[in-house]
Amino acid sequence: MQNITHWINGKPVEVDGSRFGDVTNPATGKITGRVALASKATTDEAVAAAAAAFPGWRDTSLARRVQVLFAFRELLNARKSELAAIITAEHGKVLEDALGEIARGQEVVEFACGIPHLLKGGYTESASTKVDVHSLRQPLGVAAIISPFNFPAMVPMWFFPVAIAAGNTVVIKPSEKDPTAANWLASLWKEAGLPDGVFNVLHGDKEAVDALLDSPEVSAVSFVGSTPIARYVYERGTATGKRVQALGGAKNHMLVLPDADLNLAADAAVNAGFGAAGERCMAISAVVAVDAIADELVAKIAERTRTLRIGDGTRGCDMGPLITAAHRDKVAGYIDAGIEQGATVVLDGRHPSPDAEGDGFFLNPTLFDNVTPDMTIYQDEIFGPVLSVVRVPGFDEGLDLINSNPYGNGTAIFTNDGGAARRFENEVTVGMVGINVPIPVPMAYYSFGGWKNSLFGDTHAYGADGVHFFTRGKVVTTRWQDPSHGGLNLGFPTNS
Ligand code: NAD
């Protein structure tokens, strides 16, 4: 069994106290590792290492910082299959999907390689007589990154490439359910030449998170996870004066209009609904079908879903297991509730026969039709392979439904009517919008983030927002007198 230690100051650090968590392979149900759960003392040690490394890294030239980032990018690209295997073994998602999340994370590394351009300030010559003004963006110090189980590589990579490139040092607190990916990334940074202490990994649970939030040496917190914890992290972190961005849960809708290409829409619904067993913050969980095409669309989605192969992610299947037995049972409970509350069950996923050894945490995909907004399966973020079809009379009712939802992470419209798509884009109260694209995750040079209960704070992840989040502005006003200057003047400075 693997012992998963913290990574502090450039090396694995054996564990202090007595608290550990089990790490399980969800496809087999077997415990494969034991992860340390940090105490406040270990958290302080990790933060102190990051704080000590900050002045040296901040003052390292941009040329050198970029060389390290490029080296990291090259190593990651060459060895991503090792990381994908780790992700599949601890998360359960199929290997192809694990490689997909690494590719999206790698794009942020590539974006961060352009940091010299992104940090350039402004300059105004002769703002007043002999007075020039310029602006700088400087790093904050120690940034804490707290991430969820569902993207053990990509979500940390939304933040740390930009944070590090901008001159900050980081402490990553990954999910205790799939912690090994973060250690692998730490050793890759070391190989790339990153100085010790710039990238630290702290494993743990609430105790570690609270200690990070309360630490006076942590300047910024990037959090991704469920909405109640995101709200808590935002409130507790900002109460101690930190800059916080806390991305929360989601309930993503896909509106299908009668003029849509229904084959394209059905493919999209299946991919976005059941990919990664629905454990994606951008998964589609509600298909909003206009009545005129609802029967045909449901039939097409069902037909495609029946062909999916469920099993161990290393065996070329389409969909893997859920993260834990408890989560599998919770999702199965939602299926029970959907049936009890009167939804039409088109495909019932509660009795899977996966292609896997052992006792993994599998469900088959479940498809519900005639779901109504008062049902629990519509209201809650299920975070599993359960797709609900809600029928509406037309575009306006579909848009109203989406806009009245408390979450606002992602959404999509499927149509061939440019006017409808344009109105949807303009009026929908959601942060990331797809037009005939089911999972509209922005490219690395835009920024990722939802609205409403899907994000607390006002800065999205990566892109220009990421650079802004991990730096602080400063404006310098300079006067260099020419040699002819002399005499006193006690008047208030005025512009002339
Ligand atoms: P989670 O909220 O349970 O855990 C997220 C992190 O918070 C983990 O590191 C965990 O150790 C820590 N944590 C858990 N309970 C805590 C507590 N009481 N106090 C302090 N810290 C705590 O989320 P999860 O189950 O790991 O991930 C799934 C959730 O993440 C879903 O809701 C999903 O929508 C969301 N998510 C959102 C996005 C996004 O971009 N908005 C992306 C990925 C995942």
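How far is an oxygen atom of the ligand from a polar backbone atom of Phe 149? The distance is 3.0 Å. The model is predicted, so local features need pLDDT of at least 70 and side-chain atom pairs count only at pLDDT 80 or more, while totals for chains, interfaces and linings use all residues. Residues are numbered from 1 along each chain as its sequence is written, and side-chain values use heavy atoms, with hydrogens and water left out. The notes below cover the ligand site, the annotated domain, the aromatic rings and several single residues.

**Ligand site**

- There are 27 residues around the ligand, and those that come nearest are Lys 173, Glu 176, Ser 226, Gly 248 and Glu 381. A residue counts as near a molecule or strand if one of its heavy atoms lies within 4 Å of it.
- Lys 173 places a polar side-chain atom 2.7 Å from an oxygen atom of the ligand. A polar contact is a pair of N or O atoms within 3.5 Å; within protein, one atom must be able to donate a hydrogen and the other to accept it, and residues adjacent in sequence count only if both atoms are side-chain atoms.
- Gly 248 has a backbone N or O atom 2.7 Å from a nitrogen atom of the ligand.
- The ligand taken alone exposes 840 Å², of which the protein buries 88%. Accessible areas come from the Shrake-Rupley method with a 1.4 Å probe; for residues, only the protein chains shown count as cover.

**Annotated domain**

- UniProt, in an unreviewed entry, lists residues 21-476 as "domain: Aldehyde dehydrogenase". UniProt positions are given in the numbering used here, feature names are shortened, and annotations may be inferred rather than shown by experiment.
- Residues 21-476 are 42% helix and 22% strand, and the end C-alpha atoms of the span lie 50 Å apart. Helices (H or I, at least four residues) and strands (E, at least two) are DSSP runs, numbered from the N terminus.

**Aromatic rings**

- The structure holds 12 aromatic pairs. Rings of Phe, Tyr and Trp (its six-membered ring) pair if their centres lie within 6.5 Å; planes under 30 degrees apart count as stacked, over 60 as edge-to-face and the rest as tilted.
- Phe 149 and Phe 383 form an edge-to-face pair, with 5.8 Å centre to centre and 90° between the planes. This pair links distant parts of the chain, 234 residues apart: Phe 149 is in the loop between β8 (142-146) and α5 (154-165), and Phe 383 is in the loop between α12 (376-379) and β17 (386-392).
- Phe 149 is buried at a relative accessible area of 12%, and Phe 383 is buried at 17%. Buried means under 20% relative accessible area, exposed over 50%, and partly exposed in between (1.4 Å probe, protein chains only).
- Phe 469 and Phe 470 also form an edge-to-face pair, at 5.0 Å centre to centre and 90° between the planes. Both of these residues, Phe 469 and Phe 470, are buried.
- Phe 72, Phe 160, Trp 189 and Phe 199 are linked by ring pairs into a cluster.
- Arg 34 lies over the face of Phe 20, 3.5 Å from the ring centre. A charge sits over a ring if NZ of Lys or CZ of Arg is within 6 Å of the ring centre and within 35 degrees of the ring normal.

- Ser 126, in strand β6 (residues 123-128), has a positive phi of about 55° although it is not a glycine.
- Asn 370 also is not a glycine and has a positive phi of about 55°. Asn 370 lies in the loop between β16 (366-369) and α12 and is partly exposed, with a relative accessible area of 35%.

**Selected positions and C-alpha distances**

- Thr 411 is in strand β19 (residues 410-414) and is buried at 0% relative accessibility. Thr 411 and Ser 388 are 23 residues apart along the chain, and their C-alpha atoms are separated by 14 Å.
- Gly 237 is in helix α8 (residues 227-239) and is buried, with a relative accessible area of 0%. Gly 237 and Thr 411 are 174 residues apart in sequence and 29 Å apart in space, C-alpha to C-alpha.
- Leu 212, in helix α7 (residues 206-214), is buried with a relative accessible area of 0%.
- Gly 121 lies in the loop between α4 (115-118) and β6 and is partly exposed at 48% relative accessibility. Gly 121 and Gly 248 are 127 residues apart along the chain, with their C-alpha atoms separated by 32 Å.
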